[in-house]
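User: Could you walk me through how to read backbone angles and nonpolar cores in a model?

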Amino acid sequence: MQPDNSLADKSEAKADVIVVSGFLGAGKTTLMKRLLSSRPDMSDTVVIVNEFGEIGIDASLLEDENTEMVELTSGCICCTLLTDLTLALNKVIDRFHPRWILIEASGVADPRNIMAALSQDSLTGKLAGCRTITVLDADCWEMRSIFGDLFRLQLQAADLLLMNKVDLLPPEKVRTCLREIRSALPRTQIVPTIHCHIDQDLIWFQPETWGAEIGPADRLPVTLNRYAELHEHDRDEPAAGHFVTFSFQEDRPVDEGCFKRFLEALPAEVFRVKGTVRFPDRTMLLNFVAGRAEWRPWPGEPVNRLVFVGWETTEENTLEPLRPCLA
Amino acid sequence: MPQETMTKMERMEAAIKLEPLDRIPCAPLMDVYFPAKYKGFSPARAVKDWKAGFGAIVDVFDEVGGWDGMILPGYSYALTPNLYAGITVGKNLIPGLDLNGETTLQFDEKEVLTRDDYDDIINLGWNGFRLKHKDRFNPADEEAIIKWTRSQMNKYKYELQTWRDRGLRSLCGTITQSPLMFLSTTRTLLEITKDIYRIPDKLEAVMEAMLDDLIQEAVESAKMSGEPGVMLVMERGGCFYYPLHIYERFEYPHMKKMVEAFAAEGLITVMHLDQDYTKNAPYFLDLPAKMVVAELDGSTDIFKAKEILKGHICIAGDVPAALLSLGTPEEVEAYCRKLIDVVGEGGGFILSTGCTCPVECKMENFRVMIDTAKNYYPH
C-alpha cells in the first residue's frame, strides 16, 4: 500500500480499529491471517503487530494483499507499548488514511494500554470505533485459577471471544467451558472455534452500514453456507466433528414474545442464529451471536428462514421449544 | 531550590537507608537507546560500538548537568571469568543483526529449555546444567567464552569508574534474575504457566536447584565489579501474571532467599519490578530492612506501595515511559512533584524513570525530571 496524498477526502474518513488480543499461543496470528485473506481487497487496511515470542504474520501474505504492516518492536518491553502504539497509529493514519486498522496485540499486552493509546488526544477525530476480539486457548480455561490480572483483563476486554482450539478438549469439556465462560462474561459474545475459523461477518460487521448492505433474500444462506463450509473443513481434522449447523424454514409467523423467550433460553452451545424471522406484523433480520441478538427490519420475503450453529447440540432439542411459537 | 548539603553518593546512600535527605535524589535507569537517538546514531551502532553508545549516555549526563546515581552503569554485563557465566540460555535479538538497525534490542522468547531439561537441572544445578549443555547454548570454544566474560567485566568496571569520576555510583554491581524469571523467559511464559499447573512439584524442585548457583554467581560478580548491589529482575512473578497463591510458592520464597543472601554479603538488592506488584508489596515487609530498593515501572501503584513500605525499604521510580515520550514538560514536572510530595515524604525515595528511559523520550521531558529533583523539595 503506497501513501496516497491525492485523495484529499480520504483524510477525512475515520478508521475502524480491530484489536486482536489474547494470551501467548492462543491463536491470534492464525486469526490475523484469516482476517487478512478474508476480503478481496485489503488495500484500505493497515496492520500493526506487537510481536512477542511468536511466529509472526508472513510478510508475503501482506504483500499479496497490498496491505501495509507496522511492527512494534517493544514486544517484550511492555512499559513502552502505549507510546509505541500511539506513535504508530498517528503515523499510519496520517500517511495511509486507512479504513481499517488491525492491531495484533502481543500476548502479554495489557489491554488497558491499548485502549489508552486509542484514547490519546492526538487521535481524536481520527478513529471511528474499536472492537476487541480476544482469542482464548480453550485448554487454558481450566488453568484460570493460576493466571493473574493479565488473563482476566484480556477476557474482560473482549467484545467477541473466540474460544479456540476446542478440538483439543474432550467434547463434554467444551460444553462445560462454554457455559462457565458465558457465566463469567455474560455480556461478551463467545464463539467456539478450531484454528480460529469464524464467520467473517462477525469480524467486519459494521452496524451503521448493515441496513444498506441488505441484499436479496437469498444472500443470507450463501453467507451461512460459507460458515458451514468452514466447519465442514474442520470435520477433516481430528475431534472436530462436533460443530453442528442446521436450518429452520417455516412460512407461518411466530409469536414475538414466545420467540424472544426461546432465544433467551438457548443454551450456550448454540452460539449463532442468523436469518429472517416472521412476526405477525413484520419480518425482521436476526443476527444472534452467543447470547446477544441484533434486529433489523427485513424488507424482503416474509418468511422464517434461520440457520443455527452450535457445538454438540441437536436440531431436535434446539428447535423443539420453538415450534409452539408458530401461529 | 533546596540547599544541597550532601554529595551525590551520600544522598543515594541516605535514600536507601531511609535517612534524612537534603533533597530527593534522581537516578534514571539508562540504557543506550535514548542517548544514542539523541546523539543522532542508530540503535545498531549503539549496540555494535560500545564506546560510542556508552559515551552517548555520559554525554546526556553532562548535558543536563548530571544527576545523583545510576541504577545500572551502562549496558555491559558483570560476568565472572567462569565458563558457565558465558553460557547464556536464551537469546536477545540484536538491532542490525537480527532486527533492522533502527529498532531496539528485544528478548527472543522461545522455548529454549524444555521439560526434558528439568531432571538435569535438578541433578546438576544451574551451572552444572549449563556446562553439560554448553554446545547447545553457546558453541564457541571455551577460551573464547572466558575471554568474552572478562571483556564484559572490564567494560562494566570501566562504566562504574566513569561514574565514580563524576561523583556518583551505580546501585548495581551486577544483574541477575529470580528462578521464575529465568525459566519464564527460557521456557516461555505460556509453557512455564502450564508447568506451574501440571507439574508444580517438579518445577519447584528445579527452582530450588537453581538457587544456590544464581546467588553465588551474583555475589561473586558484584564483588568483582566492586559495587555492592545486585539488580534482581522479576517482571514475571507479580500479580499481573499470577495470583498471590502462585507468587507465594513459585516466586517469593526464592527471591526472599536471594535478597537475604545478598544482604548477608552486604549487597543491596534493587528489585526490578516491571508490571504491577501492588498486591505483592506487603510481602516485601519481610525482606531485610534498608537493604532493598523496590524499583517500579509505573504499573504498580507507587503511592500505595509507599503506604505499605514506608519506613522499611526504599522505593525508586516511576515516571512512566509514556509520560516521558508523549507528555509535555509541564505534565512531567507535575508528576515528579507529586512523587516527591507523596512518595518522597520521610525519605526512602529515589526519583527515577519507570523502567528504562524510553528511546522516544523527549529531551525536554528528561531534563525536567532531573531538574525537578534538584529544585523541588518541600519536606
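User: Where is Gln275(B) placed?

Analyst: Gln275(B) sits in the loop between β5 (268-273) and β6 (292-296) of chain B; helices (H or I, at least four residues) and strands (E, at least two) are DSSP runs, numbered from the N terminus. This is a predicted model: local features need pLDDT of at least 70, side-chain atom pairs count only at pLDDT 80 or more, and totals for chains, interfaces and linings use all residues. Residues are numbered from 1 along each chain as its sequence is written, while chains are lettered from A and ligands numbered from 1 in the order in which they are written.

User: What is the phi of Gln275(B), and why does Gln275(B) count as buried or exposed?

Analyst: Its phi is near 75°, a positive value in a residue other than glycine. A residue is buried if 20 or more other C-beta atoms lie within 10 Å of its own, exposed if 12 or fewer, and partly exposed in between, with C-beta atoms placed from the backbone. Gln275(B) counts as buried because it has 25 C-beta neighbours inside 10 Å.

User: Which loop holds Cys355(B)?

Analyst: The one between β8 (349-353) and α16 (363-375) of chain B. Cys355(B) is not a glycine, yet its phi is positive, about 65°. Cys355(B) has 27 C-beta neighbours inside 10 Å, so it counts as buried.

User: How many residues has the largest nonpolar core?

Analyst: In soluble globular proteins, nonpolar side chains tend to be buried together. A nonpolar core is a set of buried Ala, Val, Leu, Ile, Met, Phe, Trp, Tyr and Cys residues joined through C-beta atoms within 7 Å. Here the largest has 205 residues, and Val293(B) is among those with the most contacts inside it. Helix α10 (residues 200-225) of chain B gives the largest share of this core, 11 residues.
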